[in-house]
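This report looks at how two parts of one chain meet. Please have the sequence and the structure in view while reading.

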Amino acid sequence: MVNLNVNIGNLSLKNPVLTASGTFGYGPEFADFIDLNRLGGFIVKGTTLEPRQGNPYPRMVETPSGMINAVGLQNKGVDYFIEHIYPQIKDVDSQIIVNVSGAGVDDYVEVCRRLQQHTNIKAVEVNISCPNVKQGGMAFGTTCEGAASVTRAVRKAFEGTVLVKLSPNVTDIAEIARAVEAEGADSVSLINTVMAMAIDVERRKPYLSTVTGGLSGAAVRPIAVRMVWQVAKAVKIPVIGLGGIMNGRDALEFILAGATAVEIGTANFINPAVTVEVIDYIEDYCTRHGVDNVNSLIGALDY
Amino acid sequence: MKRIIVFRIVSNTALGSNYTLMKLTPEDNAELPDTCPGQFVQIYVPDSKSTYLRRPISINFVDKKSNQLWLLIRNAGDGTAALMRMKAEERLNIIMPLGNGFTLPSDGERKLLLVGGGVGVAPLYALGHKLVDGGYRPVFLLGARSESDLLMLDEFKALGDVMICTDDGSVGHHGVVTTHEVMNGTFDRIYCCGPMPMMKAVANMVRNSGAECEVSLENTMACGVGACLCCVEPTVKGNVCVCTEGPVFNINQLTW
């Protein structure tokens, strides 16, 4: 029997597989395909204080081994989430992590304060890396001061585990990671999408209503693995790795690079059962390699 | 309930150079899930390096007797071209059924018009069958660029009265569907699937006619299950996912 349990701060995960925000809805969307109870955790759609309509259509374009999206944090707001969604998922035998976004620091604080009232929300993922909103989002995640200011405020407002999701659209991601670690983040998750653009040359128009968007999918994986490796060496808090994980092998790349847990994102769109397949693969891999505890694989890159 | 099903291709027949009619049956011979006309499937394309996401395709017909799923595929790019090249006995991984189908006529609604454009005729075949089974005799108005783009004409003719329009006048009425005289008739319910300009033109023409009118949208989508929020359409309720709230919408819900 392989021990797949990992800890992110005080948050215990039965296995290292989480779902990435914005790719798994609130969870029930995938209940026809997998047993949600099997997940290490699920990170629900980016939630803001007020409802948001998101960006105009078209919001997505397929690109080589990936896709660019510009959804722009469409969601019904934290109160709707608490009233209508939370009751549907609070008893899932997994960890609910709410991805939180805001236009200003006060927004993040207020969303976290409202989530705090609900005992089965033991963790938040602070999104300072959304490339698709005009205010807040990535603006906080691209400077050490911005990242630190949001982390500091959320740390004060939320007693549970605080994950901070980092943007790859920076010169030195390790520096940002150190800044949020210094402000008390329990973990950093990376990477959010890579700012990108695609053009319809026949029409001479951008494919997205917002011109630019965020690239995800297998195309970004080598960049994400490199960044996870760099950040894991730079901080002492656990790192959560994501970016283009399509299968169990890909997930292990991140774990060997130093990730304590992984998030599966775009792959959910292509194979809605991918998460449990990744969990099973990791267990088989451990067995195959004579590993009885998945924690011994974290950062176990041989080089 | 939505399922991931591995299908065996029974046949994949060319309809001219730009379309195929693919018939599939579950590899394990399990009974196909119940579906409604207007629902769609998401196909994983196994043999196209440039295709990353699944391809959403309308259900053309489900033949309960032979346990077959029928799909009309148009060459719309690398992904669909790869699907068109597939041969009998090859396997396809498909998620189905997805979305909501057309609303069947309510009591007293007898005059039904089904307007299809190009490959948009696909779901109207399943719908036509369902209506005929319910004792209705639907009228089909089918438009296409040219004669070679008119699909499954014989099958439609077996279900009801068929009017034809072509943009180039190669067969039937010369012009777009909204210029066909049948559009001046009175109908209780109109179902429409085709290119966006066609659906908008039909919607605007019939909006105040007293007929209920439903259209089927095909906004670009990634997941097909309401998770990614990419395929949104502005509606009177705000942006909603075409994959889960549609793809069929009453035109009164839309902001056209």
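## Two domains of chain B

Chain B is divided into domain 1, which covers residues 3-98, and domain 2, which covers residues 112-216. The model is a predicted one, and in it the C-alpha centres of domain 1 of chain B and domain 2 of chain B lie 23 Å apart. To the contact, domain 1 of chain B contributes 12 residues, while domain 2 of chain B contributes 13 residues.

## Area buried between the domains

The size of an interface is often expressed as the accessible area that is lost when the parts come together. Between them, domain 1 of chain B and domain 2 of chain B bury about 1,200 Å², and 72% of this area is on carbon and sulfur atoms. Within domain 1 of chain B, the residues that lose the most area to domain 2 of chain B are Tyr19(B), Pro37(B) and Leu72(B), which together account for 41% of what that side buries.

## Polar contacts and the side of domain 1

Across the interface of domain 1 of chain B and domain 2 of chain B, the rule finds 0 salt bridges, whereas 3 residue pairs are counted in polar contact, with both residues at pLDDT 80 or more.

On the side of domain 1 of chain B that touches domain 2 of chain B, the elements giving two or more residues are β2 (19-26) and β6 (68-74) of chain B; β6(B) gives the most, with 3 residues. Sorted by class, this side of domain 1 of chain B has 8 nonpolar, 3 polar and 1 charged residues.

Definitions and conventions:
Residues numbered from 1 in each chain as written. Chains lettered and ligands numbered in written order. Predicted model: local features only at pLDDT ≥ 70, side-chain atom pairs only at ≥ 80, totals over all residues. Heavy atoms only, no water. Domains from an automatic or database assignment. Contact = heavy atoms within 4.5 Å. Buried area = accessible area lost by both parts, 1.4 Å probe. Salt bridge = Lys/Arg side-chain N within 4 Å of Asp/Glu carboxyl O. Polar contact = N/O pair within 3.5 Å; in protein donor to acceptor, adjacent residues only side chain to side chain. Helix = DSSP H or I, 4+ residues; strand = E, 2+ residues; numbered from the N terminus. Nonpolar A, V, L, I, M, F, W, Y, C, P; charged D, E, K, R; others polar.
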